[in-house]
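Look over the sequence and the structure first, then read the points below.

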Protein chains: 2
Amino acid sequence: MSGSTEGDLTKTGMSLKHDREWDYELDRIVEAIEERNASKVGLQFPEGLKRRGPQVADDLREVAPDDVTFMLSGQPCYGACDLDTYLMRRTDVFVHFGHTPMKESDSIVYVPLFSNVDPFPIMEESLAELPDPEEDPDVGLVTTAQHMNRFEEMTDWLEARGYEVHTRRGDDRLTKEGQVLGCNYASADIPADRVLYVGGGKFHPVGLAMEHPEKTVVIADPVNNAVSIAEHDQFLKQRYASVHKAMDAEKWGVIFCTKIGQGRWETAQEIVENNENAYLITMDEVTPDRLRNFDMDAFVNTGCPRITTDDGPRFHKPMLTPGEYEAAIGERPLDQIEFDTFHDTW
Amino acid sequence: MSGSTEGDLTKTGMSLKHDREWDYELDRIVEAIEERNASKVGLQFPEGLKRRGPQVADDLREVAPDDVTFMLSGQPCYGACDLDTYLMRRTDVFVHFGHTPMKESDSIVYVPLFSNVDPFPIMEESLAELPDPEEDPDVGLVTTAQHMNRFEEMTDWLEARGYEVHTRRGDDRLTKEGQVLGCNYASADIPADRVLYVGGGKFHPVGLAMEHPEKTVVIADPVNNAVSIAEHDQFLKQRYASVHKAMDAEKWGVIFCTKIGQGRWETAQEIVENNENAYLITMDEVTPDRLRNFDMDAFVNTGCPRITTDDGPRFHKPMLTPGEYEAAIGERPLDQIEFDTFHDTW
């Protein structure tokens, strides 16, 4: 999501208060630099971690050959879908921090930044929100890139307490078993009414609750040391309100996002081909400022669904997901609106 | 310059009040579409004209073959230096409106948007600000892309009134005789103390006055129907203030702009190679939001100089041009600060 949406992301907990320790895997980066005899190295951090960039560059300078130039990406970054392709193409080694590969590539060193926070104390607390395993042993387990390194341990821990733990990898967009992304919760398509999310912030579990409104999503947040239940009502109400507002729209702006992992070309093209009052607009960052340049009645965002669901109210006109657009123009019953998920890679 | 700097550009008059008529040269665009049998056509407008995009797309749809998909660039655009290369590479015909070629290319149709405003009434008024030609006949003449189509007529008009009109093309970055860009005033390197700028807004003549503080720049603005003298004092004072503030800086962020015509790689690299407390940061839009992610004491912007001079105060830390940086670190006398100009293309 865009730089100017930081405020909202803060509310959903993506911006974390605690100063955690991360594993920057400097050895692995230096190894790649030496192997490729690199002279230019690009470093890309997601928004919440950009401040760490200069320090990481310093640490790398100390251990890397002298003639290496390190370049920090100043582009906004909100996921593994959001690679700085400019920097990637113009550096010998390109390191993407904070996410796991959406698609493996020799040109990219992914450093997921595993957290060293112990998840088990807060998991212990979260058991109060799960049913007694003797009555209902089924529970799903999901986490984010930062805690994936302990996923097996977490599974074992729950099993040792009598739960039947349901996990799956999801689809091609996800690297690992049990992993969730802001736009993809296929790993929670499991036969359990409760899903335990172990990880920092509310951004991911709220998305999960929107995608699976029939499930109870228990949040065990080892970073903020808090247990809670993911609420999605406010977001769903906003979605209906936006669709209603857009029903009168004549002129539609159809956004095609040019970020490497956020493009849905067929979806965008199909809309403009079937609506003579629709205009295709291409951009990387989808921000209120940029859309204000276009005198449309409503927008359909075929890019990141979380901009639509989380930041929609910040835009000057209603912004819908492709599915919501169908409802607004009467091609889909209003009660069949679903959370917009992203599959595939690029 | 960036989307969030719109406020300041408005002040320097780039955002024009009058609803002018432009020549969109639709015939030439349709010709290119037919010649190349194009199915995807990209349209890019600069910020002040983005609102016209959908209407131009409508007009083109009426005259172009049915199977053509038109795509509007939603990326910020502030000059011929600022092409939407994503759209350019992915469309069969890419039309860039509002600017003349910084570099000719078969892949780009440039439509400069010539204005149909008559420049002579306001030029008549501006004569009051020029010396009597019998005492001092020398005057320079410059204009922007929008009025270049009448540049010869303007020259003739002044000559008929007894002036010796000095014009030159400038350098490779400029397409035509007498043309100025926000970052390049080589066309005003002429032997005359007064330069007449005929064109809309103050953005260009203020830049000219900063680059040539020894000359008087008379503005004949046929769009806002106003004559004035370009003032640059306020900007120059701000520059000295920024340099002074940055003199104590330890950590420097060195911005390398990734826009096609705004990159000065050697300049950026030289700074980081010679200052161990300098960090190279790459980005396309240079905005206060993006730089706030970096905990630096000061920034050097090797990209668009007008972001530095016009929008500098909007950033959380002092931002300097490469020349000002030399003054701040003591490698150049403070009184030798010059307006930062851009040469070459890409």
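**Confidence**

- The average pLDDT of chain A is 92. In that chain, 94% of the residues score at least 70.
- Residues 1-19 of chain A have a pLDDT below 50. This stretch still has 48 contacts in the model beyond near neighbours in sequence.
- Where pLDDT is low, the predicted coordinates should not be read in detail.
- For the complex, the predictor reports an ipTM of 0.91. The pTM is 0.92.

**Domains of chain A**

- Domain 1 of chain A brings 7 residues to its contact with domain 3 of chain A, and domain 3 brings 6 residues.
- Together, domain 1 and domain 3 of chain A bury about 510 Å². Carbon and sulfur atoms carry 55% of that area.
- Three residues lead on the domain 1 side: Pro76(A), Cys81(A) and Asp82(A). They supply 61% of the area that domain 1 of chain A buries against domain 3 of chain A, more than any other three residues.

- The rule finds 1 salt bridge across the interface of domain 1 of chain A and domain 3 of chain A.
- Asp82(A) forms a salt bridge with Lys259(A). Their closest N and O atoms are 2.7 Å apart.
- Across the interface of these two domains of chain A, 2 residue pairs are in polar contact, with both residues at pLDDT 80 or more.
- The side of domain 1 of chain A that touches domain 3 of chain A has 4 nonpolar, 2 polar and 1 charged residues.

**Interface of chain A and chain B**

- The size of an interface is often given as the accessible area lost when the parts come together.
- Chain A and chain B bury about 3,500 Å² between them. Of this, 49% is on carbon and sulfur atoms.
- In chain A, Tyr279(A), Thr282(A) and Asn293(A) lose the most area to chain B. Together they account for 16% of what that side buries.
- The contact joins 42 residues of chain A to 42 residues of chain B.
- How many salt bridges are counted between chain A and chain B? The count is 0.
- Polar contacts are found there: 22 residue pairs across the interface of chain A and chain B, both residues at pLDDT 80 or more.
- Several elements of chain A give two or more residues to the side that touches chain B. Among them are helix H3 (53-63), strand S2 (69-73), helix H9 (265-274) and strand S11 (278-283).
- S11(A) gives the most to that side, with 6 residues.
- By class, the side of chain A that touches chain B has 17 nonpolar, 10 polar and 15 charged residues.

**Backbone details**

- Glu25(A) is not a glycine, yet has a positive phi of about 50°. Glu25(A) sits in the loop between helix H1 (6-11) and helix H2 (26-35) of chain A.
- Asp344(B) also is a residue other than glycine with a positive phi, near 60°. Asp344(B) lies in the segment after helix H12 (322-328) of chain B.

Methods:
Residues numbered from 1 in each chain as written. Chains lettered and ligands numbered in written order. Predicted model: local features only at pLDDT ≥ 70, side-chain atom pairs only at ≥ 80, totals over all residues. Heavy atoms only, no water. Contact = heavy atoms within 4.5 Å. Buried area = accessible area lost by both parts, 1.4 Å probe. Salt bridge = Lys/Arg side-chain N within 4 Å of Asp/Glu carboxyl O. Polar contact = N/O pair within 3.5 Å; in protein donor to acceptor, adjacent residues only side chain to side chain. Nonpolar A, V, L, I, M, F, W, Y, C, P; charged D, E, K, R; others polar. pLDDT = per-residue confidence, 0-100. Helix = DSSP H or I, 4+ residues; strand = E, 2+ residues; numbered from the N terminus.
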